[in-house]
Amino acid sequence: MNSLSLFGHTVSLLTLASWIWAGCVIAWYLLRLPFELKVRRTRVADRRHRTFRETALLSVSTLGLGIIPAAFCLTRWPRALTYPASALQVAAGTLVFLVALWLFWRTHKDLGRNWSVSLEIKETHKLITHGVYRHVRHPMYSAFFLWAVAQALLLPNLMAGLSGLVGFGILFFFRVGREELMMRETFGPEYDAYMARTKRIIPGVY
Ligand SMILES: C[S@@+](CC[C@H](N)C(=O)[O-])C[C@H]1O[C@@H](n2cnc3c(N)ncnc32)[C@H](O)[C@@H]1O
């Protein structure tokens, strides 16, 4: 099945999957907006870790999770790497994106004013170890990985589908060690103990 009827119109599965991807990405930023407005009023104590390298990593991630898939949804480029969409794949991708959205919202609720896009420490920074932070140290990164998996399922194109896993994977693996070092420098034994009882992104596994 490569097309279906929606409100009397025939829509290809690929078009539907592109709309779902775009809708979930818009929802992601709308969910973040109130938290982003709130943290703007929180003063930063340490921004030594907000380096050019951080900006480069954020750009690579945005390219893989946003720009390349958006270009595919709008232009179908690169056509040669597209394969037939399957309804099961689109349904699974939608489900994974919904779980990612929930987890992303939950991490913002738990982190509150301690959240920042890049690596920094606020003046009133508190170590959060409750809510979803009880299960893993980096649940927001788990949510981003789920977005990347959902993208791979939703977009039947080898480049647009997999660019999220590559782009966010690069950000994660080059950032996570530095973030943990920054947290250990700030919170000392409290963070060491937290590290000893939790995994990074998958409870009990990694
Ligand atoms: C983009 S957020 C990601 C947070 C976390 N790595 C995650 O994936 O859920 C990065 C900022 O969150 C803050 N942060 C990370 N873990 C934290 C924790 N357990 N408690 C409070 N702040 C934390 C750090 O100050 C860092 O600059």
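**A predicted helical model and its ligand**

Reader: Where is the place of Pro 78?
Author: Pro 78 belongs to the loop that runs between helix 2 (52-75) and helix 3 (87-111). Helices are DSSP runs of H or I with at least four residues, numbered from the N terminus.

Reader: What should I know about the model itself?
Author: This is a predicted model, in which local features need pLDDT of at least 70 and side-chain atom pairs count only at pLDDT 80 or more, while totals for chains, interfaces and linings use all residues. Residues are numbered from 1 along each chain as its sequence is written, and side-chain values use heavy atoms, with hydrogens and water left out.

Reader: Is the peptide bond from Trp 77 to Pro 78 cis or trans?
Author: The bond from Trp 77 to Pro 78 is cis, and its omega is near -5 degrees. Most peptide bonds are trans.

Reader: And Arg 76, where does that one lie?
Author: Arg 76 is also in the loop between helix 2 and helix 3. Its phi is positive, near 65 degrees, although Arg 76 is not a glycine.

Reader: Changing topic: how many residues surround the ligand?
Author: There are 22 residues around the ligand, and the closest are Glu 120, Ile 128, Tyr 133, His 138 and Glu 179. A residue counts as near if one of its heavy atoms lies within 4 Å.

Reader: Which helix gives the most to that shell?
Author: Helix 5 gives the most, with 4 residues.

Reader: Which backbone atoms lie by an oxygen atom of the ligand?
Author: A backbone N or O atom of Glu 120 is 2.7 Å from a ligand oxygen. For a polar backbone atom of Met 140 the distance to a ligand oxygen is 2.9 Å, and for a backbone N or O atom of Ser 118 it is 3.2 Å. Pairs of N or O atoms within 3.5 Å count here as polar contacts.

Reader: How much of the ligand's accessible area does the protein cover?
Author: On its own the ligand has 560 Å² of accessible area (Shrake-Rupley method, 1.4 Å probe), and the protein covers 99% of that area.

Reader: What about residues 56-77 and 144-174?
Author: Residues 56-77 are 91% helix and 0% strand, with end C-alpha atoms 24 Å apart. Residues 144-174 are 90% helix and 0% strand, and their end C-alpha atoms lie 15 Å apart.

How values were computed:
A polar contact is a pair of N or O atoms within 3.5 Å; within protein, one must be able to donate a hydrogen and the other to accept it, and residues adjacent in sequence count only if both atoms are side-chain atoms. Helices (H or I, at least four residues) and strands (E, at least two) are DSSP runs, numbered from the N terminus.
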